[in-house]
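Have a look at the structure first, then go through the points below.

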Amino acid sequence: MVGGGTADLAIAVPVKLFSAGTAGCVADLVTFPLDTAKVRLQIQGESKPPVEGQRPKYRGVFNTILTMVKTEGPRSLYRGLVAGLQRQMSFASVRVGLYDTMKQFYSRGSENAGIVPRLLAGCTTGAMAVAIAQPTDVVKVRFQAQVYLPAGGTVKRYSSTINAYKTIARDEGVKGLWKGCLPNITRNAIVNCSELVTYDIIKEFILKYRLMTDNMPCHFTAAFAAGFCTTVVASPVDVVKTRFMNSGRGQYSGAINCALTMLMKEGPTAFYKGFMASFLRLGSWNIVMFVSYEQIKRAVIRCQRHWESPL
């Protein structure tokens with residue numbers, strides 16, 4: 001990726017798309033329980049305001065995970081994983097795999113792109129990825145938010161991933177699959193700029209001043225910093241996106257109405273619900289994704305060269 005000069009630019013776009021999508025799936029497999037805990041914390045208090053003196057059901061990341069395991073079983077932590085993997089193959093491949101291409105487009109082929117072309121590239125690939133992958137994100141969030149108890153508790157909203165797509169399209173119209181698309185585009189413009197541009201700049205700085213070589217420690221450091229910056233900037237939009245996509249028909253008139261309702265009923269701290277879960281998830285997700293992306297990309301190139309080399 002970024003920071004690698006002309007060597008990165010010479011890598012074919014399909015290689016980057018495949019590497020980014022696969023790396024996104026690897027990262028999701030590792031961090032999905034944290035993402036599910038984040039969603040549960042973000043939607044807590046949505047259906048009814050908290051009663052004074054009553055302790056919330058979920059208190060912190062690890063308490064949320066333990067509570068889910070006790071009441072719903074370990075499999076509940078991976079509810080929505082199929083949609084999550086579908087999302088990464090279409091989402092991460094576009095937003096990460098096309099970043100270098102768009103950066104070159106906005107910098108008109110310059111090898112030393114400034115901050116503006118990088119930001120524009122991040123916004124563009126983030127918006128493109130959401131437009132393509134939004135239905136998978138809606139289904140993933142619905143599954144993660146779905147609570148049911150083994151002993152005849154709440155009835156499941158959806159029985160399977162395919163059933164979720166069909167049910168949403170039938171009950172809410174096809175546009176229901178793109179519910180929350182606008183706040184998600186906003187979120188991913190912010191996330192992409194924070195995540196990819198931070199990773200890009202920090203990796204470039206490390207390599208420029210020879211603090212590390214272009215290997216795992218360098219990728220780990222840049223990815224961790226990118227995860228922290230992204231969480232701080234994107235958490236409010238992420239909470240609104242999650243609430244809106246999980247809402248029933250007519251609950252909110254739009255993303256702005258959802259944000260205002262949260263502010264009036266729960267106060268400004270509601271926008272940072274699940275912050276620690278978001279940081280743990282985004283930090284770990286970034287580390288796994290970027291390290292995997294760099295390694296998968298190199299492995300694919302080695303295989304490509306092996307097959308193309310004469311016997």
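In this predicted model, the largest cavity holds about 150 Å³ of space. A search of the whole structure turns up one cavity of 30 Å³ or more.

**The cavity lining**
- You'll find 16 residues lining the largest cavity, with Arg87, Phe91, Arg187, Arg281 and Leu282 lying nearest its centre.
- Helices α2 (13-43), α4 (81-97), α6, α8 (181-208) and α11 (275-308) are the elements that give two or more residues to this lining.
- By residue class, the lining of the largest cavity splits into 10 charged, four nonpolar and two polar residues.

**Nonpolar cores**
- The largest nonpolar core is made of 20 residues, and Val96, Tyr199, Met289, Phe290 and Tyr293 have the most contacts inside it.
- At least two residues of this core come from each of α2, α5 (99-106), α8, α9 (216-246) and α11.
- Helix α11 gives the largest share of this core, with seven residues.
- Another core, of 11 residues, lies apart from it and includes Tyr158, Ala164, Leu177 and Met245.

**A look at Thr125**
- Thr125 sits in helix α6, which runs over residues 115-145.
- Is Thr125 buried or exposed? With a relative accessible area of 0%, Thr125 counts as buried, because the cut-off for that is under 20%.
- Leaving out residues up to four places away in sequence, Thr125 touches Val94, Arg95, Leu98, Tyr99, Met102, Asn192 and Leu196.
- With Asn192 there's also a polar contact, side chain to side chain, at 2.8 Å from Thr125.

Notes:
Residues are numbered from 1 along each chain as its sequence is written. This is a predicted model: local features need pLDDT of at least 70, side-chain atom pairs count only at pLDDT 80 or more; totals for chains, interfaces and linings use all residues. Side-chain values use heavy atoms; hydrogens and water are left out. Helices (H or I, at least four residues) and strands (E, at least two) are DSSP runs, numbered from the N terminus. Buried means under 20% relative accessible area, exposed over 50%, partly exposed in between (1.4 Å probe, protein chains only). A polar contact is a pair of N or O atoms within 3.5 Å; within protein, one must be able to donate a hydrogen and the other to accept it, and residues adjacent in sequence count only if both atoms are side-chain atoms. Contact means heavy atoms within 4.5 Å. On a 1 Å grid over the protein atoms alone, a cavity is a set of points where a 1.4 Å probe fits but cannot get out, and a pocket is an open set with protein on both sides within 12 Å along at least five of seven lines; lining residues have an atom within 4 Å of a point. Grid points are joined across faces, edges and corners, and a volume is the space filled by probe spheres set on the points. Ala, Val, Leu, Ile, Met, Phe, Trp, Tyr, Cys and Pro count as nonpolar, Asp, Glu, Lys and Arg as charged, and the others, Gly among them, as polar. A nonpolar core is a set of buried Ala, Val, Leu, Ile, Met, Phe, Trp, Tyr and Cys residues joined through side-chain atoms within 4.5 Å.
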